[in-house]
Amino acid sequence: MVMVLALHANGAAGPFVPRCEATGGSVEFIRLFLESACVISVNAFIMISGWFGIRASFKGLASLFFQLCFYSLCIALVYKVFIGTPFSWKDVALSCLGIPYWFIPAYLILYLLSPFLNAFMDKAGQKELLISVVAFFIAELVYGRFGDQGHFHAVYSALSFIGLYLTAGYLRRHPCRISTLPAWGLFLLYGLCTLVATGIGYFIGGAMLGGNHSVLDYNHPVMVLSSVFFFLAFTRLDFQSKTVNWMAASAFAIYLIHMNFLVKQDYRALMGNLYQAFSPAAALWVMLGAVLLIALACILVDKLRIFLWKPAWKLVERWTSR
């Protein structure tokens, strides 16, 4: 989620330009490198779900919509009382349903389909599952990129999520040689993929930086490979941390808060202003500090949501048990 914050902050600094058009030179290369390194965060999030397997339940759905309603209503009240920003309460209602967030509807569909996907992966043989995963990515490459099929929409869709979910599920059930590499080796492969993507964007540019064929698309083959290496590297690490767990429990709040329909414009404006206020090299460090502070603030705010969720769920249980 910190990578998602950094991704949106980097984009707010302005469009990326290739070498032939760049005036910033090394700064543009660094920005593209950071973008290529962070863009895999969405894929990694879905692969976490596929690795452990979503366990769909009414409580899980209730928790998701409680988070949506909590932040939609609280943020709207803050903007209304303290800032006076004009907005429509209809937009707040739509936000409670997750409609302004592209990720929520896509993930919700994956969530609802997860029992069928889990059953398929549990019963399918290794060869059958591998063929299904490979066939999916071939279809996504041919029809999603060369064919410009909106169904895949550069992974902004539940359909693309399914492919990543099945990939992680396959790697969990059937470890391959890559899965057994040490963490440093997998991080190295992730870094090499990041450099390749950066090189394509910086030296070729043009259509590669925009539209349906950008190297920065989540479903670009280089980005998919980079996501796999990045994700697998963490499966090779063995550590326990109560602090990490405490923060991870509130990680999703980072996305819900900074991408709220009222907040996201201010977030982009803040990052854009920071980039303009300093020299490009210094601005990147200042923006990184701001990203970390915002992430921590969101985590702290979410502890209130967690505190309120427990009694709220007890009320739901009492009402449904009647």
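Reader: Hi! How many aromatic pairs does the structure hold?
Author: The structure holds 25 aromatic pairs. A pair here means that rings of Phe, Tyr or Trp (its six-membered ring) have centres within 6.5 Å; planes under 30 degrees apart count as stacked, over 60 as edge-to-face, and the rest as tilted.

Reader: Okay, what kind of pair do Phe45 and Phe103 make, stacked or edge-to-face?
Author: Their planes stand at 80° and their ring centres are 5.6 Å apart, so Phe45 and Phe103 are edge-to-face. The pair links distant parts of the chain, with Phe45 in helix 3 (residues 41–52) and Phe103 in helix 6 (residues 103–123), 58 residues apart. Helices are DSSP runs of H or I with at least four residues, strands are runs of E with at least two, and the numbering starts from the N terminus.

Reader: Before we go on, where do these coordinates and residue numbers come from?
Author: This is a predicted model, in which local features need pLDDT of at least 70 and side-chain atom pairs count only at pLDDT 80 or more, while totals for chains, interfaces and linings use all residues. Residues are numbered from 1 along each chain as its sequence is written, and side-chain values use heavy atoms, with hydrogens and water left out.

Reader: Which residues do ring pairs link into a cluster?
Author: The cluster is made of Phe45, Tyr101, Trp102, Phe103, Tyr107, Phe161, Tyr218, Phe252 and Tyr255.

Reader: New topic! Which ring does the charged end of Lys303 sit over?
Author: The charged end of Lys303 sits over the ring of Trp246, 4.3 Å from its centre. Lys80 has its charged end over the ring of Phe87, 5.9 Å from the centre. To count, NZ of Lys or CZ of Arg must be within 6 Å of the ring centre and within 35 degrees of the ring normal.

Reader: How many salt bridges are there?
Author: The structure holds three salt bridges. A salt bridge is a side-chain nitrogen of Lys or Arg within 4 Å of a carboxyl oxygen of Asp or Glu. Side chains of opposite charge can pair when their charged atoms come close.

Reader: What does Asp302 pair with?
Author: Asp302 meets Arg305 at 2.8 Å, N to O. They both lie in helix 14 (residues 280–320), three residues apart, about one turn of the helix. Asp302 is buried at 0% relative accessibility, and Arg305 is buried at 5%.

Reader: What about Glu28?
Author: Glu28 forms a salt bridge with Arg31 (3.6 Å, N to O). Both are in helix 2 (residues 26–38), three residues apart. Glu28 counts as buried at 10% relative accessibility, and Arg31 is buried at 1%.

Reader: And where in the chain are Arg173 and Asp122?
Author: Their side chains meet in a salt bridge of 2.9 Å, N to O. That pair links distant parts of the chain: Arg173 is in helix 8 (residues 158–173) and Asp122 in helix 6, 51 residues apart. Arg173 is partly exposed at 31%, whereas Asp122 counts as exposed at 55%.

Reader: Cysteines next: how many disulfides turn up in a search of the whole structure?
Author: The search finds zero disulfides; the cut-off is a pair of cysteine sulfur atoms within 2.5 Å.

Reader: Last one: which residues form the nonpolar patch on the surface?
Author: Leu130, Val134, Ile138, Leu141, Val142, Tyr143 and Phe146 form the patch, with about 650 Å² of accessible area together. Patches are made of residues with over 30% relative accessible area and no salt bridge; like charges are joined within 9 Å, and nonpolar side chains (Val, Leu, Ile, Met, Phe, Trp, Tyr) within 5 Å. The areas come from the Shrake-Rupley method with a 1.4 Å probe, and for residues only the protein chains shown count as cover. Val134 lies in helix 7 (residues 126–146) and is partly exposed at 41%.

Technical notes: Buried means under 20% relative accessible area, exposed over 50%, partly exposed in between (1.4 Å probe, protein chains only).
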